[in-house]
Amino acid sequence: MKRFFHTLSLTFICAGVMALGFWKVLLPEAREWVFAKKQEQMLQRQLQTLYQKEIALEEEMAQIPRTKSALSEWQKKFIKYDDINKLSNEIMAMGKRDQLQVLSFYPDSSVMSENNYFRQSFKMTLNGNYRQIARFIEQIAALPWTVVVGNFSLVIASFETCSAGIVLYVYYLS
């Protein structure tokens with residue numbers, strides 16, 4: 001019986017030491033392990049997000065050469081400032097070829113600056129029939145330079161005669 005109590009007390013002492021060891025050593029380690037596991041999951045999510053962003057950036061960067069090329073082609077359509085007189089002479093010649101009566105054609109005094117380019121507007125008044133005016137506007141749209149027809153007004157004077165007021169916006173690089 002003495003031996004039984006001795007073994008029982010030794011078992012309780014060992015169990016106490018193990019419980020104390022668990023509470024002092026293993027429990028904090030378990031908490032650190034749980035924290036490390038959560039941190040690992042969070043870092044994996046962040047890494048996955050970064051991979052997705054990297055793929056998206058690579059796709060966008062692959063478009064840069066095409067965008068530069070498109071911008072270059074678009075900018076080629078801007079007239080040089082020194083060629084604006086040539087353009088206005090061409091517009092006048094188109095009006096004459098279409099047998100339009102050009103009543104007025106003059107540049108607006110204000111030049112708008114937009115980013116790296118400028119916009120010069122020209123006001124124009126012409127007389128002719130509807131088809132002549134329509135053909136003239138088609139030719140303006142077909143010019144190799146960026147010329148935008150804006151503020152277009154058409155007044156029918158008679159069955160064969162119309163009067164058109166047009167503002168042409170010419171874009172050129174600075």
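Trainee: Where is Gln-99 found?
Mentor: In this predicted model, Gln-99 sits in the loop that runs between H2 and strand S1, the latter covering residues 101-114.

Trainee: And is Gln-99 buried or exposed?
Mentor: Gln-99 counts as exposed, because its relative accessibility is 63%, and the cut-off for that label is over 50%.

Trainee: What about the phi of Asn-151?
Mentor: Asn-151 is not a glycine either, and its phi is positive, at about 45 degrees. Asn-151 has its place in strand S3, which spans residues 147-156, and with a relative accessible area of 58% it is exposed.

Trainee: Switching to the inside, which residues touch the most other members of the largest nonpolar core?
Mentor: That core has 20 residues, and the ones touching the most other members are Ile-91, Leu-126, Phe-136, Ile-140 and Leu-168. Two or more residues each are given to this core by helix H2 (84-97), strand S2 (117-128), helix H3 (130-141) and strand S4 (162-173), with S4 supplying the largest share, six residues. As general background, nonpolar side chains in soluble globular proteins tend to be buried together.

Trainee: Which residues does Leu-126 touch, then?
Mentor: Leaving out residues up to four places away in sequence, Leu-126 touches a list that includes Leu-100, Val-102, Leu-103, Ile-133, Phe-136 and Ile-166. The list also has Gln-101, Cys-162, Ser-163 and Ala-164.

Trainee: Which residues are in the other core?
Mentor: Another core, of five residues, lies apart from the largest one, and among its members are Phe-78, Tyr-117, Val-167 and Tyr-169.

Trainee: Last one, which residues make the nonpolar surface patch?
Mentor: Leu-57, Met-61 and Ile-64 make that patch, which covers about 300 Å². Ile-64 lies in helix H1, residues 2-76, and it counts as partly exposed because its relative accessibility is 40%, a value that falls between the 20% and 50% cut-offs.

Definitions and conventions
Residues are numbered from 1 along each chain as its sequence is written. This is a predicted model: local features need pLDDT of at least 70, side-chain atom pairs count only at pLDDT 80 or more; totals for chains, interfaces and linings use all residues. Side-chain values use heavy atoms; hydrogens and water are left out. Patches are made of residues with over 30% relative accessible area and no salt bridge: like charges are joined within 9 Å, nonpolar side chains (Val, Leu, Ile, Met, Phe, Trp, Tyr) within 5 Å. Accessible areas come from the Shrake-Rupley method with a 1.4 Å probe; for residues, only the protein chains shown count as cover. A salt bridge is a side-chain nitrogen of Lys or Arg within 4 Å of a carboxyl oxygen of Asp or Glu. Helices (H or I, at least four residues) and strands (E, at least two) are DSSP runs, numbered from the N terminus. Buried means under 20% relative accessible area, exposed over 50%, partly exposed in between (1.4 Å probe, protein chains only). A nonpolar core is a set of buried Ala, Val, Leu, Ile, Met, Phe, Trp, Tyr and Cys residues joined through side-chain atoms within 4.5 Å. Contact means heavy atoms within 4.5 Å.
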